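Subject: Structure handover

Hello,

Here is the structure we discussed. My notes follow below it.

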Amino acid sequence: MSNLLQGKNIVVMGVANERSIAWGITKSLHNAGANLIFTNRQERSYQKLTKLLEKNDIKATLIVSCDVASDESIDKAFGEIKEKVGVIHGLVHAIAFANRDELKGEYADTSREGFLLAQEISAYSLVSVTRAAKELMTEGGSVVTQTYLGAERVIKNYNVMGVAKASLEASVKYLAEDVGKYGIRVNAVSAGPIRTLSAKGVSGFNEKAEIIEEKAPLRQNVDQEQVGDTTLFFLSELSRGITGEILHVDSGYHIIG
Ligand code: NDP
Ligand code: N5H
């Protein structure tokens, strides 16, 4: 428990269930005293979230529906947040999507449609939600997104998502420059493999997790709580001098050649 985010209003996008990285983040932010606003796409995620909040005795300030594929949905969600909460101080973006059949085989086989879908949901969404959040961050703020090493290196099967994450990471830097003058920071956590709903059923996940245990300096996989605490750091005043940064929470794996 700390009071790092006492009195701060933070929007969390991307809780699908108890395994979600965004749920690990939620627990860290709650323990730091934040008031939490959630957005979900699917009704199923909304149901899971309300049960999780109840079970963990966390009271949401607001829960709104938001599909980042639609400008109208984003406007409506942030309009409702403005109306009911007013000022926000932080935004957590933990959203990505690509067609499962394009997360295997050769990247060269990626379809035009699949490429654009991955870019739209996993990278452009950060641009659109940062723009919407900026209007509500009148006291300054912090935006944090989630990325993976496949943005920097060719990692088998990550394919179209690797290219979308490269775009996301470049967007972190361009957005950081745009909103820095308003006292708003934009950073990313680059997490090691974590078994979540998104990771379920994708080829090669187990193999990637095993390599971490074998080769990463800390010889163990990371978990949602570790990502949660680093995201808390980025949202808090402790990181006030940092923006446009991509910070690895991966047991040090990225330094190994
Ligand atoms: P989850 O499956 O738990 O979360 C993915 C979330 O994306 C879901 O909540 C889903 O919402 C949301 N989403 C997908 N499409 C849309 C959309 N159109 N509009 C709004 N929300 C949408 O998986 P993770 O927690 O693993 O993923 C969170 C982030 O972490 C992703 O960016 C992922 O790339 C990143 N990451 C994950 C790693 C891992 O190993 N798991 C490693 C490094 C980064 P809904 O369920 O309502 O559809
Ligand atoms: C190298 C790897 C393993 C192979 C690649 C995995 C990529 C996963 C990312 C995307 C987000 C997964 C995805 O879009 C799955 C969907 O096609 C199907 N799933 C769903 O629709 C579920 C129900 C919903 C909740 O999912 C979403 N996304 O909406 C990478 C791994 C070692 C690390 C990893 C898993 C990275 C990452 O970015 O998630």
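Helix α4 (residues 112-134) lies across β1, β4 (90-93), β5 and β6 (184-191). The helix runs at about 165° to β4. Axes here are lines fitted to C-alpha atoms, for helices over the stretch in contact, and angles run from 0 to 180 degrees between N-to-C directions. Contact means that the C-beta atoms of two residues, placed from the backbone, lie within 7 Å. Helices (H or I, at least four residues) and strands (E, at least two) are DSSP runs, numbered from the N terminus.

Two points on conventions. This is a predicted model, in which local features need pLDDT of at least 70 and side-chain atom pairs count only at pLDDT 80 or more, while totals for chains, interfaces and linings use all residues. Residues are numbered from 1 along each chain as its sequence is written, chains are lettered from A and ligands numbered from 1 in the order in which they are written.

The sheet

The sheet is open and has 7 strands, in the order β3-β2-β1-β4-β5-β6-β7. Pairing is parallel; two strands pair if DSSP finds at least two bridges between them. β3 (62-65) and β7 (246-249) stand at the edges with a single partner strand each, so one side of each has no neighbour in the sheet. From one strand to the next, the twist averages 20°.

Two pairings in detail. β1 (residues 9-13) and β2 (residues 35-40) run parallel and are joined by 5 bridges. In this pair, I10 stands opposite L36. β5 and β6 also run parallel, with 7 bridges. There, V143 faces V186 of β6 as its opposite residue.

β6 is mostly covered: 8 of its 8 residues are buried. Buried means 20 or more other C-beta atoms within 10 Å of a residue's own; exposed means 12 or fewer; partly exposed is in between; C-beta atoms are placed from the backbone. I184, V186, A188 and S190 point one way from β6, and R185, N187, V189 and A191 point the other way.

The core

The largest nonpolar core has 68 residues. Such a core is a set of buried Ala, Val, Leu, Ile, Met, Phe, Trp, Tyr and Cys residues joined through C-beta atoms within 7 Å. I10, V11, V12, L29, V92 and A133 have the most contacts inside the core. Helix α5 (residues 159-180) gives the largest share, 9 residues. V92 is in contact with I10, V11, V12, M13, A22, I25, V144 and T231, leaving aside neighbours within four places in sequence.

The ligands

Ligand 1 has 29 residues around it. A residue is near a molecule if its C-beta atom, placed from the backbone, lies within 6 Å of it. S20, S45, A96, T196 and S198 come nearest to ligand 1. α1 (21-31) and β5 (141-147) each supply at least two residues of this shell. By class, the shell has 18 nonpolar, 9 polar and 2 charged residues. Ala, Val, Leu, Ile, Met, Phe, Trp, Tyr, Cys and Pro count as nonpolar, Asp, Glu, Lys and Arg as charged, and the others, Gly among them, as polar.

Ligand 2 is surrounded by 21 residues, and the closest are A96, R100, P193, A199 and K208. The shell of ligand 2 divides into 14 nonpolar, 5 polar and 2 charged residues.

Exposed positions

E54 lies in helix α2 (residues 43-55). E54 is exposed, with 10 other C-beta atoms within 10 Å.

Best wishes
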